[in-house]
Each structure stands twice: as C-alpha cells, then as structure tokens.
Amino acid sequence: AGITVAGYTGACEIDCDISNITTSLTRDADGLKVFGDTTITDGNYRPQICVVTGKVKNCTGRLLKIQTSEATVRDMVLEQTTTNFAQGVGVSLQWGGGLVENCLFKLGTLMEEGYTPIFIDNRIDDQKTKAVIRNVRLQCEESIPRIVVVSESVDTLDSEYVIDGITAEIA
C-alpha cells in the first residue's frame with residue numbers, strides 16, 4: 001500500500017497527496033488504507049473517526065480503503081486514468097458507514113472496464129450504518145455503467161443510504 005494508518009481509537013485527519021502505487025502481483029496496492037481499532041466493547045467497535053482530504057491518483061488497488069466506524073472523505077480529487085488496476089474501486093467504505101462529499105473522480109476510460117467509483121461494503125461487520133454520498137462529480141471519457149455499489153448482508157438491511165447530488169460528465 002501507499003500509506004497505511006492502523007489500530008487507532010478516537011480521531012485521525014489525513015490530508016494526502018498519493019500517486020502511482022502499483023504492483024504486478026495480486027496483492028493490494030491501495031493508495032491509502034485506514035484501519036481503526038477492531039476491539040469490540042459491549043457488542044460494538046470502539047468509535048473511530050477518520051477524515052480524509054487531498055488527492056490520490058492511479059493505484060493498482062483501491063484509491064482509498066477505509067475500515068472505521070465513521071469515515072469522512074471530503075474535498076478530494078480521486079483519479080484513476082490508467083487501466084492497470086486490480087480492485088476496480090475508487091473509495092471503499094468497508095464498514096459501510098461514512099460520508100463522501102465534494103469529491104471529484106477523474107476516471108478516463110475506465111468505466112467500460114468495470115470500475116466502480118464508490119463501493120459501500122456493509123458485509124464486513126454487519127453493524128447498522130448510515131452512508132451519505134453528497135455533491136460528487138465524475139469526469140470520464142466514456143459511458144458510466146455504475147457509480148455506487150452497496151453490498152449488505154441479511155443482518156444489516158436496516159442500514160440507511162443517502163445519495164444527494166451526483167453529477168457525471170463525459171469529457
């Protein structure tokens with residue numbers, strides 16, 4: 001991975017500028033990975049707040065992989081213009097909850113290759129969550145077959161998902 005932040009409780013803020021994290025292997029080559037403390041107290045994970053801003057460009061893995069109880073991805077430029085990617089995901093909220101706001105995705109011709117800009121994966125810990133996608137812009141060179149994918153287990157069907165303002169433009 002490019003940068004990994006792991007095992008913290010409380011809050012962390014990351015302002016990053018990461019580019020060209022690649023590998024020829026099948027391992028993750030994510031731009032930024034954030035893992036909160038996985039200690040469970042009273043049936044829940046300890047609260048971890050993660051706020052990420054900045055820029056991430058061209059990673060073989062995900063641009064951002066986040067496993068925290070509260071994630072905010074704000075005011076970012078997320079760029080994947082090469083076809084050398086293994087994960088096919090821009091932002092992966094792997095505990096399902098979080099906010100993706102005021103972000104620009106620059107995606108070149110990747111959409112036809114099966115790229116997904118935002119993946120909300122609530123199968124990881126099966127906790128009820130809320131995910132909000134707000135004021136997100138996509139720029140790509142070809143059509144856009146999918147923008148957001150939500151994946152839930154049967155136990156989390158009461159989670160809440162809000163999508164408020166996604167703009168896509170073909171350049």
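Residues are numbered from 1 along each chain as its sequence is written, and side-chain values use heavy atoms, with hydrogens and water left out.

On confidence, the mean pLDDT of the chain is 81, with 79% of its residues at 70 or more; pLDDT is the predictor's confidence in each residue, from 0 to 100. Among the elements, β8 has the highest mean (93) and strand β5 (residues 44-45) the lowest (63). Where pLDDT is low, the predicted coordinates should not be read in detail.

As for the fold, the chain has zero helices and 15 strands, taken as DSSP runs numbered from the N terminus (helices: H or I, at least four residues; strands: E, at least two). Of the 171 residues, 46% count as buried, meaning under 20% relative accessible area, with exposed over 50% and partly exposed in between (1.4 Å probe, protein chains only). Contacts are heavy atoms within 4.5 Å, and of those between residues at least 6 apart in sequence, 76% join residues at least 24 apart.

The largest nonpolar core holds 35 residues, of which V56, L64, M76, L78 and F105 touch the most other members. Such a core is a set of buried Ala, Val, Leu, Ile, Met, Phe, Trp, Tyr and Cys residues joined through side-chain atoms within 4.5 Å. Elements giving two or more residues to this core include β2 (10-21), β6 (48-59), β12 and β13 (130-140).

Strand β7 is covered on both faces, with L64 and I66 buried on one side and K65 and Q67 buried on the other. L32 stands opposite L64, while K65 has S92 in β9 as its bridge partner. Leaving aside neighbours within four places in sequence, the contacts of L64 include L32, V56, M76, L78 and V91.

T68 counts as buried because its relative accessible area is 1%. A polar atom of the T68 side chain lies 3.1 Å from the backbone oxygen of E70. Beyond its neighbours within four places in sequence, T68 is in contact with Y8, V34, G36, Q48, C50 and W95.

I118, in strand β12 (residues 116-121), is also buried, since its relative accessible area is 1%. Its contacts outside four places in sequence include V91, V100, F105, I133 and V149. The C-alpha atoms of I118 and V89 are 6.6 Å apart, although 29 residues separate the two along the chain.

Most residues other than glycine have a negative phi. D75, in strand β8, has a positive phi near 55°; it is partly exposed, at 47% relative accessible area. N102 also has a positive phi near 55°, but lies in the loop between β10 (98-101) and β11 (104-106). At 31% relative accessibility, N102 is partly exposed.

Definitions and conventions:
Predicted model: local features only at pLDDT ≥ 70, side-chain atom pairs only at ≥ 80, totals over all residues. Polar contact = N/O pair within 3.5 Å; in protein donor to acceptor, adjacent residues only side chain to side chain. Pairing = 2+ DSSP bridges.
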